[in-house]
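Please examine the model shown here with attention to how its parts are arranged and joined. A short briefing accompanies it.

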Amino acid sequence: MSELVLVINAGSSSIKFSLFETGAADPVLLFKGLADGIYVDPKFVAKDADDNKLVSESMPADMPKNHDSALRHMLAWLNSRIEGRTIAAVGHRVVHGGLSFCQPVRITEEVLKGLDETIALAPLHAPHNIMPMRVLAQLLPTVPQVACFDTAFHRTQPEIEQQYALPYEFSEKHGIRRYGFHGLSYEYIASVLPGIDAKAAAGRTVVAHLGNGSSMAGLINGHCQATTMGFTALEGLPMGTRCGTIDPALILHFMSHLKMDASQIEELIYKQSGLLGMSGISSDMRDLHASKDPHAKFAVDYFAHRVVREAASLAAAMQGFDALVFTAGIGENDDIARATVCNELRWLGVEIDEVANAKRSGEARCISLPSSRVPVYIIPTNEELMIARHALKCVAA
């Protein structure tokens with residue numbers, strides 16, 4: 001009987017899960033879902049691989065409102081569905097690996113201590129990524145767990161791309177450097193690109209991971225050469241509610257002239273800016289496209305313009321590029337944003353096929369004209385599958 005791999009992606013108030021079946025060449029998705037609103041109004045939703053909703057319910061009122069209880073509820077539901085099969089491994093998405101973790105690693109007490117030391121690098125994410133590991137060590141004590149890091153893929157960047165122009169002691173003693181994020185998504189794209197365009201996979205590819213959190217990366221032969229995010233997932237492109245790159249002295253201005261404290265500034269740059277802040281309407285591209293408010297259009301245009309600028313920057317870092325790939329929520333589904341970006345990149349040889357671009361499909365496909373010097377693709381990402389692959393490989397080793 002086949003074994004199963006459970007993938008966990010825990011946030012501050014939610015736990016996303018995916019359950020994969022092993023045995024085929026690649027793990028096959030069985031179920032996915034999430035526990036959401038954990039500390040306020042906990043709800044549990046589960047779907048099958050075809051996105052059919054299997055359950056949508058509030059968690060029991062007498063259940064403590066915390067991650068521990070949410071995990072127990074999730075596991076109870078999964079156990080009712082797996083029909084005697086066993087969970088062979090659990091893979092966790094971890095946002096930040098710091099300097100110590102540059103590849104997936106099996107979780108031990110020593111590893112957990114090392115992960116605790118990365119909390120200072122990602123205080124908003126790391127505690128919530130780490131906590132389920134300790135809970136599941138109690139709930140599933142015999143099941144191996146594996147940590148997979150969003151920063152690991154970018155450690156192949158040249159040192160000149162990883163450093164800031166600060167005194168070296170900040171990098172050497174405090175780990176202040178450009179780490180990059182969304183690495184599991186880029187790694188998945190790199191893994192499937194050879195089957196889509198072998199020339200591009202072996203060459204220079206700009207990948208645009210555009211969603212509520214957005215970043216871009218330049219890959220050479222499937223390895224990261226440069227990326228837009230840096231020490232945190234705030235640098236680079238504007239996002240749904242994050243501002244992206246701004247003049248660092250603005251923070252000093254906020255503090256000294258506007259009398260804002262650290263928590264107010266954090267709220268502003270992480271939760272009140274980006275598409276939401278610029279439009280004053282929504283962080284969702286669909287809402288902005290539907291709006292007639294000029295601020296909504298400006299926010300969309302600004303976002304696309306910054307993508308174009310970063311694409312050119314990545315092309316410069318790689319001395320050109322051989323393909324452009326769109327992925328993630330906006331990248332896969334927003335034909336207007338894609339068309340705007342591609343039309344502004346015509347000077348680099350990009351020619352988009354408007355009909356192919358407008359077509360709705362969940363499959364990987366080419367959306368450029370045959371005459372385009374740079375082929376353009378939409379490739380749906382699958383970070384969960386990447387984590388499942390890593391978990392199986394790590395446990396087997």
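The points below cover the domains, their interface, an annotated site and the salt bridges.

This is a predicted model, in which local features need pLDDT of at least 70 and side-chain atom pairs count only at pLDDT 80 or more, while totals for chains, interfaces and linings use all residues. Residues are numbered from 1 along each chain as its sequence is written, and side-chain values use heavy atoms, with hydrogens and water left out. The domain assignment divides the chain into domain 1 (3-149) and domain 2 (197-383); such bounds come from an automatic or database assignment.

**Domain interface**
- The C-alpha centres of domain 1 and domain 2 are 28 Å apart.
- Four residues of domain 1 are in contact with four residues of domain 2, contact meaning heavy atoms within 4.5 Å.
- About 390 Å² is buried between domain 1 and domain 2, with 61% of this area given by carbon and sulfur atoms; buried area is the accessible area (1.4 Å probe) that two parts lose on being put together, summed over both.
- Arg 93, Leu 121 and Leu 124 supply 67% of the area that domain 1 buries against domain 2, more than any other three residues.

**Charged pairing between the domains**
- One salt bridge is counted between domain 1 and domain 2; the term denotes a side-chain nitrogen of Lys or Arg within 4 Å of a carboxyl oxygen of Asp or Glu.
- Glu 383 forms a salt bridge with Arg 93, and their closest N and O atoms are 3.9 Å apart.

**Annotated site**
- UniProt, in an unreviewed entry, places the feature "binding site" at Asn 9 and Glu 383; UniProt annotations may be inferred rather than shown by experiment.
- These positions span 375 residues in sequence, yet no two of their C-alpha atoms are more than 10.0 Å apart, so they gather at one spot.
- Asn 9 belongs to strand β1 (residues 4-10); strands (E, at least two residues) and helices (H or I, at least four) are DSSP runs, numbered from the N terminus.

**Salt bridges in the model**
- The rule gives a count of 15 salt bridges.
- Arg 389 forms a salt bridge with Asp 26, with the closest N and O atoms 2.8 Å apart.
- Arg 389 lies in helix α16 (residues 383-396) and Asp 26 in the loop between β2 (15-21) and β3 (28-36), so the pair ties together parts that are 363 residues apart in sequence.
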